[in-house]
Amino acid sequence: MNIWLVLLAAVSSFLVGGLWYSPVLFGKAWNIENGSPTTAGHPAKVFGVSFAFSLVAAAAFAVLVGPSPGLEAALKLGALVGVGLVAASYGINYQFAQRTFKLWLIDGGYHAVQFLLFGLVFGLWG
């Protein structure tokens, strides 16, 4: 496993997540769909834990994709994991929690993009 690629993938998904959930893209809609603006925890803790989870996800993807996957294979795996595993799992939880379809599109969409981005990183540089 190339730790530098894992780090690059984690940083890229962390940055995309910051943009995704900002008021520039889906932050306002995400807060509305959750019922109200969330009370934020300590920023260092929120961002630190989020980045740690990005690292875990990137490392797990690195194991799945292997050392030299090729761009097409890595992107296909990213789509499969992001949409078929992560977003679908969110869909199950959101159905039982009676969360909105729009909220699922925002959260599931982020993870679909996250894993496609992982596929891009590992496919181009793996």
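# Reading helices, contacts and exposure

Tryptophan 4 sits in helix H1, which covers residues 3-20. The model is predicted.

User: Is tryptophan 4 buried or exposed?

Analyst: Exposed means over 50% relative accessible area. Tryptophan 4 has 64%, so tryptophan 4 is exposed.

User: Which residues form a nonpolar patch on the surface?

Analyst: Ile3, Trp4, Leu7, Val11 and Leu15 form that patch. Together they have about 530 Å² of accessible area.

User: What about valine 16, and how does its accessibility count?

Analyst: Valine 16 is also found in helix H1. Its relative accessibility is 26%, so valine 16 counts as partly exposed. Buried would need under 20%.

User: How far is valine 16 from valine 6?

Analyst: Look at the C-alpha atoms. Those of valine 16 and valine 6 are separated by 15 Å. Along the chain, the two are 10 residues apart.

User: How do I describe two packed helices?

Analyst: Use the angle between their axes and the distance between the axes. Take H1 and helix H3, residues 43-65. They pack at an angle of about 130 degrees, and their axes are 8 Å apart.

User: What word describes how H1 and H3 lie to each other?

Analyst: Roughly antiparallel needs an angle over 145 degrees, and roughly perpendicular runs from 65 to 115. The angle for H1 and H3 is about 130 degrees. H1 and H3 are therefore oblique to each other. The crossing of H1 past H3 is right-handed.

User: At what angle do the axes of H4 and H5 cross?

Analyst: Helix H4 spans residues 71-97, and helix H5 spans residues 101-125. Their axes cross at roughly 160 degrees and come within 7 Å. That makes H4 roughly antiparallel to H5. H4 passes H5 in a right-handed crossing.

User: Now H3 and H5. At what angle do their axes cross?

Analyst: At roughly 55 degrees, and the axes come within 10 Å. Roughly parallel needs an angle under 35 degrees. H3 and H5 are therefore oblique to each other. H3 makes a right-handed crossing with H5.

User: Which residue lies 32 residues along the chain from leucine 80, and how far apart are the C-alpha atoms?

Analyst: Alanine 112 does. The C-alpha atoms of leucine 80 and alanine 112 are separated by 8.5 Å. Leucine 80 lies in helix H4. With a relative accessible area of 53%, leucine 80 is exposed.

User: How do I read a salt bridge, and how many are found in the whole structure?

Analyst: Side chains of opposite charge can pair when their charged atoms come close. Here a search of the whole structure finds 1 salt bridge. Glutamate 72 forms it with lysine 76. The closest N and O atoms are 3.0 Å apart.

User: How many residues apart are glutamate 72 and lysine 76 in helix H4?

Analyst: They are 4 residues apart, so about one helical turn separates them. Glutamate 72 and lysine 76 are both exposed.

User: One backbone case, please. What is phi of glutamine 98?

Analyst: Start with the general idea. Most residues other than glycine have a negative phi. Phi of glutamine 98 is near 60 degrees, a positive value in a residue other than glycine.

User: Where is glutamine 98, and is it buried or exposed?

Analyst: Glutamine 98 is in the loop between H4 and H5. Its relative accessible area is 72%, so glutamine 98 is exposed.

Technical notes. Residues are numbered from 1 along each chain as its sequence is written. This is a predicted model: local features need pLDDT of at least 70, side-chain atom pairs count only at pLDDT 80 or more; totals for chains, interfaces and linings use all residues. Side-chain values use heavy atoms; hydrogens and water are left out. Patches are made of residues with over 30% relative accessible area and no salt bridge: like charges are joined within 9 Å, nonpolar side chains (Val, Leu, Ile, Met, Phe, Trp, Tyr) within 5 Å. Accessible areas come from the Shrake-Rupley method with a 1.4 Å probe; for residues, only the protein chains shown count as cover. A salt bridge is a side-chain nitrogen of Lys or Arg within 4 Å of a carboxyl oxygen of Asp or Glu. Helices (H or I, at least four residues) and strands (E, at least two) are DSSP runs, numbered from the N terminus. Buried means under 20% relative accessible area, exposed over 50%, partly exposed in between (1.4 Å probe, protein chains only). Axes are lines fitted to C-alpha atoms, for helices over the stretch in contact, and angles run from 0 to 180 degrees between N-to-C directions. A crossing is left-handed if the near helix is turned anticlockwise from the far one by less than a right angle, and right-handed if clockwise.
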